[in-house]
4 protein chains.
Amino acid sequence: MPDIDYSTYLRLHEVLGAQHPVSPLHGVEAHDEMLFIVTHQVYELWFKQIIYELDSVLEVLQRDSIDDNTGDMGIIVQRVNRMAAIWRLLGRQIDILETMSPLDFLEFRNFLMPASGFQSVQFKLIEAKAGLRVASRYGGEYYKHMGHGGVSETDHAHITAAETRPTIKTLLRAWLERMPYLMKKLWTSDLTPRRFLTAYRRAYLASLNNLEDRETRRDEFSRIFVRDGHGDFTPAAMRSALFIMLYRDYPVFQLPYQFLVALLEFDEQLSIWRYRHLMMLSRMIGLRVGTGGVNREGKNKDSYLEGALKSNRLFAELADLSTYLIERRMLPQIPVGVLRELGFAHS
Amino acid sequence: MPDIDYSTYLRLHEVLGAQHPVSPLHGVEAHDEMLFIVTHQVYELWFKQIIYELDSVLEVLQRDSIDDNTGDMGIIVQRVNRMAAIWRLLGRQIDILETMSPLDFLEFRNFLMPASGFQSVQFKLIEAKAGLRVASRYGGEYYKHMGHGGVSETDHAHITAAETRPTIKTLLRAWLERMPYLMKKLWTSDLTPRRFLTAYRRAYLASLNNLEDRETRRDEFSRIFVRDGHGDFTPAAMRSALFIMLYRDYPVFQLPYQFLVALLEFDEQLSIWRYRHLMMLSRMIGLRVGTGGVNREGKNKDSYLEGALKSNRLFAELADLSTYLIERRMLPQIPVGVLRELGFAHS
Amino acid sequence: MPDIDYSTYLRLHEVLGAQHPVSPLHGVEAHDEMLFIVTHQVYELWFKQIIYELDSVLEVLQRDSIDDNTGDMGIIVQRVNRMAAIWRLLGRQIDILETMSPLDFLEFRNFLMPASGFQSVQFKLIEAKAGLRVASRYGGEYYKHMGHGGVSETDHAHITAAETRPTIKTLLRAWLERMPYLMKKLWTSDLTPRRFLTAYRRAYLASLNNLEDRETRRDEFSRIFVRDGHGDFTPAAMRSALFIMLYRDYPVFQLPYQFLVALLEFDEQLSIWRYRHLMMLSRMIGLRVGTGGVNREGKNKDSYLEGALKSNRLFAELADLSTYLIERRMLPQIPVGVLRELGFAHS
Amino acid sequence: MPDIDYSTYLRLHEVLGAQHPVSPLHGVEAHDEMLFIVTHQVYELWFKQIIYELDSVLEVLQRDSIDDNTGDMGIIVQRVNRMAAIWRLLGRQIDILETMSPLDFLEFRNFLMPASGFQSVQFKLIEAKAGLRVASRYGGEYYKHMGHGGVSETDHAHITAAETRPTIKTLLRAWLERMPYLMKKLWTSDLTPRRFLTAYRRAYLASLNNLEDRETRRDEFSRIFVRDGHGDFTPAAMRSALFIMLYRDYPVFQLPYQFLVALLEFDEQLSIWRYRHLMMLSRMIGLRVGTGGVNREGKNKDSYLEGALKSNRLFAELADLSTYLIERRMLPQIPVGVLRELGFAHS
């Protein structure tokens, strides 16, 4: 193979040749349009990287079982953390765009209509692959409307297809459901998983402070962990997730715990980015109508971003688990056999 | 004066001797309570610094006039930017608290009841001194309730007193109102401030895109800049603020423009901190009731923090100005005499 | 127990009453002295937290053995990561101090002489407890000199005592040395640890590119992993650390690997803080003499901070391990018995 | 003009089609090569933006005079601050690359040889356009060597050409030199600029503390501000820069002061990025030889990055000014005529 050089390897000719401001076509020299273009191209490069990592995590999660004795779970944790780190960086990137003043933006803003960040297919694919379901989204199907300023037909098909395939969330649920530690065979006839759960609920209700309504909490607990589940999760999935949270100190759960925390971090950093993006837009265009629609007061159909901020949490079910934790010292007994399964061979 | 040394100067004996976890009093060793205490003490130290800067800015703004030929305006800008930088740091400080897991927090959380961050008097003083009015607050008077987990009588009096004194916002309004550049005497009989405004409104309406309703915008414009003003600002204050935004390139407006931008930055960083604080709490305690009240779904009376995030913007009026900007090249003419006033002596 | 409230719990009376600028004593009103005091008090609060975490990690590491089947290793990783997060925040805190201009600092700088950050005992304790040995330090014993602007006799004794006790680094070395996976008894008579190392070295030398000198690398490898060790680490400790890096995907090594990475992160964030601190000082006082001594050009005895930046790395031995890694696919064979020890019971 | 859409406008087809890992060509699947490519493409996009801003600042500074009564100086300040903000973000971007472990990097590192970041032409252009002179660089001409792993002939010519054209630094010097405020005609026969400087030096020497050698400082002062100048700056340029620092509170100097501070910020953020980049590389490849050459111990010819960190400061002369500041209350008198020139027309 011939010697490789930096600029050929990175295709700098293509990447650095792709900035084409439109303001000169309108006879206007809007200096900051370049910043606008570069910033959004950088966004899209990082989105590509996030999709690449999501796909690799999906691939591992899709296997029939994840062998704890390989590096699979470690790899998943590393990659979800990497995606969270990228979102964190994207949040800070908003500092750069804010060096452009509203008046500077106005110089070229109208030339871009009706294009808008709303049309970023990669962003929608990220949401879809992570597991945001249409039914949970703010505005329902609106986010892939194909009208003026909307997505193209091809993109619409592409996003819809991603929604039908397994997502991080559906695969996470399946993985939680098939987790063996709360299955009967590991427990004893005296100490069944069901009895454990009853004892746990009792300890939980005893831990409530007097501002909290015991009855409501009891019903909620039964609904979530026994009858109906929570959000997109079945009761079995919720029970396993709770079990991981409580026994994270045991070897077998250390990486699964880190996986759940990494997903929460991903979700939180994405939300912070959404919030900062919204703040920035409100400062930049005030109450003007963007194509995607932005409105600080959230009073009309246009306030898509604000609605999405509130509704489009990806793993709220996991965050809500904190509601049902109890102190380690109050944990009910579990069988020795189960404890042994949670540990290393060599002990 | 005797030689001074680092530790005496900084009163480290007092500062580093003020961490007293309560979990040992309950026979529990909750390692992370120390982190909880230190984090909140650091918050309060920075709050003290913010109040110190707010007071100094209030003092300058309270003078009958701010002499543009002194360093006064430069000092104000520097200090508001400093406060914004502190809020930015506080936002990042949440990363530290998030190294504590919900289960670690649970080890001592109940021992702290009913104490809560809701009782931080300094935080409420910051809001009051910056200019958040009771009427604009989420939950009205609730933020200084004196019941269980509320503020003390002394603190209540202290906060209420701060609310009756001039605030950054009221002094900003007064400063904008007395700004001379839109006063008749500098203009000519042909080119009056009123005619300028009419011409400006015409240019503004012409700049709207076809998703925006011209009639609504026209009424809104007249209401804000002529008849009623906007939020806490009179029409005269709104007009001056708009004028500064538009003519910020002229020497006289460079620091005033930076002042307005610094206030927006302060407001934005405080909002981001509120948002991150809310995220962190929701991850930490889920849907459990905090004394101040936190609820991810925002459906009951407890969701104080979430309501405050939405309502307690300090300078939304300034952010909204972006709605009414027009491109520099469309600006109507202004008299030579006014332009001269905006410049330096030496030209 | 009586109801607890926020301000009593946090001893705000003491913490917020400990700011006493000295400039008024000299008849000068130096506004920014408050920022200087608060910033340094916040530093010291975080230093206290770091020492608290270091002590807790030392306690765990000091046990005869760390049981992999408890949460001990998870706790260590969490706490070292927390300390790294604190250093990261302290690096960013420099943004705040930089809102003070050199001229503003000059208003009170001379009143503080000869006090200086050089006198922070907590900072020196952190270095000592982490494991920076006197012999490795820039300037040898200079960092605890007791002359003008130096540390007090009590502090000197305090720091010296910490240096004689076990440190993170000495305990890390001991933990690496007693790690069983490279001990003969787990291996076979055909496949001994020694043969593994020889095969590894061969693969390593084969991986060098043609800019690297094979002879030098071979000697270096033997010196570090067989004969002498590296820095403060014995050959046995270096071998175990290398083994962890290479087989981190196996369950038993996942947390140990995270531990090593967390230490590197701690070291790196502390270095970045040192660097930013040095930059800030050079901008603030130029080439003026500080008590601790700062000199951008590093040419005289005063350049303590610059020397420390270069020399006072804590875990350079671990960073240097990257030199000796080879690609996963080139790893020599290890016995099935060893592999089994690296895994979970349940497989 | 036809409707524009997001993806066409941003040329996403080209930008997102430019990632071509080489590890598959070697039959290896190195997952993290994608991250490596994307990270470096993002670097180069931001470098393009920095060059774009540098060019626009150069254009303004190249005019015969900068009219204080236009927005020119405000624009320069905004753009230099923007470049500093980009460097700050690039420093944080290193967090992302550090989610790749040394072992992960090793999977594809050898396939890239001899390509390296050393070959980034844009980075060298930034240094050249900002004003880093060959003579001040670490390693002299080495940074544009054309051998193995070096720059191409075309690139060499391109960089050399940039070095011969006016740079931010040479234009800054010229702008400082032609600044009128220290020119005789504005002063009186009793109070000449020379007398002012003598009085200033007296006040400066009186302000030294007793660790500083008066004789050395006096000579240095005369050398820098009267006889030889400092670094790339003439005595006249140094005097003007000092004058701006001291009288920054006057209207005419507010933006020039911000300009100098922005340049220092640019320089500092670039240095922090260099430092973090060096840390990251040392963690990633240890003491292995990179093409550009990296060596933590800085003992051989390869330690280019470490040498550059120390030597390649861009505006050290401005940072050094802090050495010669005196307290505002000690400033010698200046004529009323000069003071008037520093103010606004309207006073």
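In chain C of this predicted model, Val15(C) is the residue that comes closest to the rotation axis, its C-alpha lying at 2.6 Å.

| Copy laid on | RMSD | Turn | Shift along the axis |
|---|---|---|---|
| Chain C on chain B | 0.0 Å | 180 degrees | 0.0 Å |
| Chain D on chain A | 0.0 Å | 180 degrees | 0.0 Å |

In chain D, Val15(D) comes closest to the axis, at 2.6 Å (C-alpha).

Chains C and B meet through the same surface, because 100% of the interface residues of chain C are also interface residues in chain B. Contact here means heavy atoms within 4.5 Å.

Helix H4 of chain D covers residues 72-97. Helices are DSSP runs (H or I, at least four residues), numbered from the N terminus. At 1.5 Å a residue, the 26 residues of H4(D) should span 38 Å, and the end C-alpha atoms are 38 Å apart, which agrees; the expected span is 1.5 Å times one less than the number of residues. Of the 26 residues of H4(D), 20 are buried (under 20% relative accessible area, 1.4 Å probe, protein chains only).

Residues are numbered from 1 along each chain as its sequence is written, while chains are lettered from A in the order in which they are written. Local features need pLDDT of at least 70, and side-chain values use heavy atoms, without hydrogens and water.

Methods. This is a predicted model: local features need pLDDT of at least 70, side-chain atom pairs count only at pLDDT 80 or more; totals for chains, interfaces and linings use all residues. Copies are superposed by least squares on the C-alpha atoms of residues with pLDDT of at least 70 in both. Helices (H or I, at least four residues) and strands (E, at least two) are DSSP runs, numbered from the N terminus. Buried means under 20% relative accessible area, exposed over 50%, partly exposed in between (1.4 Å probe, protein chains only).
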